[in-house]
Amino acid sequence: METVGIRGDVMGQALQKVYFDNYSPVGDIIVMAICMVIVVLVATSYVEKTRNFNLFINILVYIVIAAVANVGYHEWSVYITNGNYFWVYVIRIIYHIAIFTILLTYTAYILELMHIELYRKVPIMIVASVFYVIVVLWDILSSISKKGFKINPDGTYNSDIYVFWIGYVGFVTMCIILMIVFRDKLYRQILRGFYGTIIIAFFILYLQGKHDQNSYTLVTFLFPVIGMFYLIHSNPYDMELGAISSRALEDMILYNFDKGIDMFMISLFLPDMDYDSAVLPESVQKGIRSISGNYFNSAVLFQISKGHVVLIAKRSANKDIESRIHKMLEAFNAEYEKLRLDYKIVICESLIDLKIKNDCAALINSVHRHMDINSVHRIIQTDVDGFMRYEYILSELTDIVRGGNLRDPRVLAYCQPVYNISTGKYDTAEALMRLRLSEIGMVFPDQFIPLAEENGYIHSLTKIILQRTCDEIRYLVKENYDVKRISVNVSVLEMRDESFITDIEKIIEESEIPKDKIAIEITESQNDDDFMIMKDMVDRLKDMGIKIYLDDFGTGYSNMERIMELPFDIIKFDRSLVLASSTDNRSEKMVGSLAEMFSDLNYSVLYEGVETEDDEKRCTELSASYLQGYKYSKPVPIMDLKNFFSKLEQEENHA
Ligand code: C2E
Ligand code: CA
Ligand code: CA
């Protein structure tokens, strides 16, 4: 309590009047403390050092200088008893210069944020700088001349606050004008944020004035700083586009979903722009900014990836949503006519009706797969169901692959017996994979093979199906069944992996079956690199005694030269050739001569998809060695395969 006494004495010496303007350092001390907190937060987290970041740091430094100066000049004057107020004048000028510098930097920051072109930015900055110099000089002169600001010998002062306020209001006005003139350059939400801070700042200044206070002027400079800190630090806002990151998108959807707030979503995907180092042309950015800003109320734009943005808005804020979407698409088409950039647009009119609450970006990506380029797709329930199914299958596949169990019960081996024309028996078969998953039951290859290939899971699945096939062959051989071999499908993709051959060899060896009981089916590849890899792998498989099938001959573009280069044993004619051969004489001739040519070159020909007696008769005449199809049997669980095979007992008796 002593200090109060001392101050009381000092104030007793006719200095109360310095406190005439009701200043208390509390406002400035709070400002310093908050700046300190921000500095600590910036220092302890990763921040991208952009131009805006440098401006932000400058502002922070000048705010601290201003706060210290303001406290200094008010407090100091209290302790001066000899009437020499020189340093008080100096510190007061420093305070004002710091404030003007902050305002000038704000102007530069706004120009930077809005990506104003250089030829516009330079004159604007010149005007701002000239204004800055004028107010600074004016302020200094008004103190030197003692016309504007004068401390009387008794400690009271005559203050001319006009220079300061002219500078303050002048800069704020300049910023507001910039934000109005270039409003389409700044994302609407951000713009509103800035207007909000200005309104709050004026409100505080008004309250302060009303209560004859003077302590909180600098506090009003802090609001934009906090906004800038948010923008710079969490970096959720793409400076070029004015969009927020996809993480925020999922958060927002989840939040609104839980609150029961229905929203709609519009996604724009530009495949040509979707790579990491892509820079969207200024015209495209402008188009996206204006379209996303002009047609919907309170819409938020999110950036999923470089060429993918998603707009989300509340349905309740956009009553006539259909006509809004219609107008937006019209505007988009007009832009498209100019820019001619490929796109995919996905629209979802109600997130709640379709129960979309997370993985929105993944859902859109799955819709992209089956939609045409330069088209608009509206998400319906089947898209969402398909996506959920797809996600579920993928998660199960991941689990199967991670588990690494070669006998995982979720992977089923089915087998389709193949009819051997020369022996009139079933002595070979093809292994075909299925999944049986607890929530959706049986899953067929068209629904999971592409997925497994895309995610690098296919080799793990091949190993499982090979293991099952080896297990069954072991059993069949032990039980004396006449099984020549069972073929397993292999994807070209997995051959790229060095461990491909050793994995296959290991499984067959550990199963203790002759290697020639296993065959491998592969399809042709268009890709040159893949061809070379395939050739190498096929040679090594052949060396092990494994027979090689060329699968799906007749689909795609067959390159005869390449087929001849690979040591295939059996060419599988696709069902499309079986069908073609039944249409007219010419086609039948063509299929027939292809088959004949292969036979002459010592390949065996297998027809796939033989469904009818007619198919069987025709194919048999067209140089077939093997026939496979529903005519004989659909694929059956691998343990039922024995029902098709005959036993070798007779031969054993002979022996
Ligand atoms: P694919 O290798 O051409 O297998 C033949 C497909 O034709 C099988 O379909 C089979 O059920 C079907 N099929 C058999 N007979 C007939 C018939 O008379 N008429 C018609 N219309 N179709 C018949 P599935 O089992 O659905 O397999 C589809 C594709 O999935 C396979 O075509 C193969 O490319 C792939 N696949 C299946 N299992 C595996 C596997 O274990 N590994 C790999 N990499 N791919 C597999
Ligand atoms: Ca096959
Ligand atoms: Ca096939």
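**Exercise 1. List the protein donors of the calcium ion (ligand 3).**

Solution. The donors are Asp 551 (OD), Asp 552 (OD), Glu 608 (OE) and Glu 608 (OE), at 2.1 to 2.6 Å from the ion. Donors are N, O and S atoms within 2.8 Å of the metal, or 3.2 Å for Na, K and Ca; water is not among the atoms, so sites may look incomplete. Along the chain, the donors of ligand 3 follow the spacing D-D-x55-E.

This is a predicted model, where local features need pLDDT of at least 70, side-chain atom pairs count only at pLDDT 80 or more, and totals for chains, interfaces and linings use all residues. Residues are numbered from 1 along each chain as its sequence is written, chains are lettered from A and ligands numbered from 1 in the order in which they are written, and side-chain values use heavy atoms, with hydrogens and water left out.

**Exercise 2. Find the residue that bridges the calcium ions (ligand 2 and ligand 3).**

Solution. Start with ligand 2. Glu 430 (OE), Asn 489 (OD1), Glu 521 (OE) and Asp 551 (OD) coordinate this calcium ion at 2.2 to 2.3 Å. Glu 430 lies in strand E11 and Asn 489 in strand E13 (residues 485-489), so the pair ties together parts that are 59 residues apart in sequence. Strands (E, at least two residues) and helices (H or I, at least four) are DSSP runs, numbered from the N terminus. Now take both ions. Asp 551 coordinates both, and the ions are 3.9 Å apart.

**Exercise 3. Describe the polar contacts and the shell of ligand 1.**

Solution. Take the contacts first. A polar contact is a pair of N or O atoms within 3.5 Å. A polar side-chain atom of Gln 416 is 2.9 Å from a nitrogen atom of ligand 1. Glu 608 has a side-chain N or O atom 3.4 Å from an oxygen atom of the ligand.

Next, the shell. Around ligand 1 there are 19 residues, each with a heavy atom within 4 Å of it. Strand E11 gives the largest share, four residues. By class, eight are nonpolar, four polar and seven charged. Asp, Glu, Lys and Arg count as charged; Ala, Val, Leu, Ile, Met, Phe, Trp, Tyr, Cys and Pro as nonpolar; the others, Gly among them, as polar.

Notes:
Polar contact = N/O pair within 3.5 Å; in protein donor to acceptor, adjacent residues only side chain to side chain.
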